[in-house]
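Please keep the sequence and the model in view while reading the points below.

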Amino acid sequence: MSRWEHWLLPGILAAVGVPFLIAGGVIRMVLPQTIASHAQEVARLRVATAETLNERGVRVLLEGWVSNRTPPSDRPPLVAYNEYHQVRREGELEWDRVRSYTPILWVEIPGGVVEIEVGYTLRSTRSRVEEGRARRYDGFQVDDPVLVLGTLTRAGDRPIVSEAQIGFETKLSYLESLDREQLTARWLGLLFLVLGTVLTLGAVITAYLVWRGRLNLFVDG
């Protein structure tokens, strides 16, 4: 038995533990701050009306509902959607998003209608169309309430918002969900840090015992 094989276990523990430590630090320190910065941005924004959409290039927050100007998609009554397929991984069924259908969307807000440019993201949705057991479409249909966060690229009588994120929520409920995400990130980061610390310390202790000859992981033939 090669003497280097005695170092196999501490090597494995270190190879697993150190990445856990790094991931835990990033999740606990960086991710909550990123979420908090986004939450502060949303909290500062006032919910816009047609009269306040008058400065191009600024971030805007809209509370409204999907206008009947928006034509139906190929999956009526949805007008925009994410498509999911069911797959099996390691014996578990999961839903994979395979594509997004996000054409121009018209949103009614107090005092007018806003055009949402192609390329927006559906953050959370209300309506669903199912196709058998293995395929579904989650999206929006006409009159669904929406919250839109994006950049005003054209003001005036026909305002346009681009780079938008759209969700089935209000400003208040979105801020509450961001608070929950921050808490989850902190606890998940702590869990990774604890696991990484335990594994890394195990690697150090095992390596020390092997070095001192107090631990023989293999019986020589």
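Predicted model: local features only at pLDDT ≥ 70, side-chain atom pairs only at ≥ 80, totals over all residues.

E115 is found in strand β5, which covers residues 112-116.

- E115 is buried, yet it has no salt bridge.
- The nearest side chain of opposite charge belongs to R158, at 4.2 Å; this pair is not a salt bridge because the nitrogen and the carboxyl oxygen must lie within 4 Å.
- Apart from neighbours within four places in sequence, E115 is in contact with I104, L105 and W106, and also with R158, P159, I160 and V161.

**Aromatic pairs**
- The whole structure contains three aromatic pairs.
- In the pair of Y81 and Y101, the ring centres are 5.2 Å apart and the planes meet at 20°, so the pair is stacked; planes under 30 degrees apart count as stacked.
- Y81 belongs to strand β2 (residues 78-89) and Y101 to strand β3 (residues 92-101), so this pair ties together parts that are 20 residues apart in sequence.
- Y81 has 0% relative accessibility and therefore counts as buried.
- Y101 has 28% relative accessibility and therefore counts as partly exposed.
- Ring pairs join Y81, Y101 and Y137 into a cluster.

**A charge over aromatic rings**
- The charged end of R136 sits over the ring of Y84, 4.6 Å from the centre of that ring.
- R136 also lies over the face of W95, where the distance to the ring centre is 4.7 Å.

Note on methods
Residues numbered from 1 in each chain as written. Heavy atoms only, no water. Helix = DSSP H or I, 4+ residues; strand = E, 2+ residues; numbered from the N terminus. Buried < 20%, exposed > 50% of the residue type's maximum accessible area, 1.4 Å probe, protein only. Lys, Arg positive; Asp, Glu negative; His and termini not counted. Contact = heavy atoms within 4.5 Å. Phe/Tyr/Trp six-rings, centres within 6.5 Å; stacked < 30°, edge-to-face > 60°. Lys NZ or Arg CZ within 6 Å of the ring centre and 35° of its normal.
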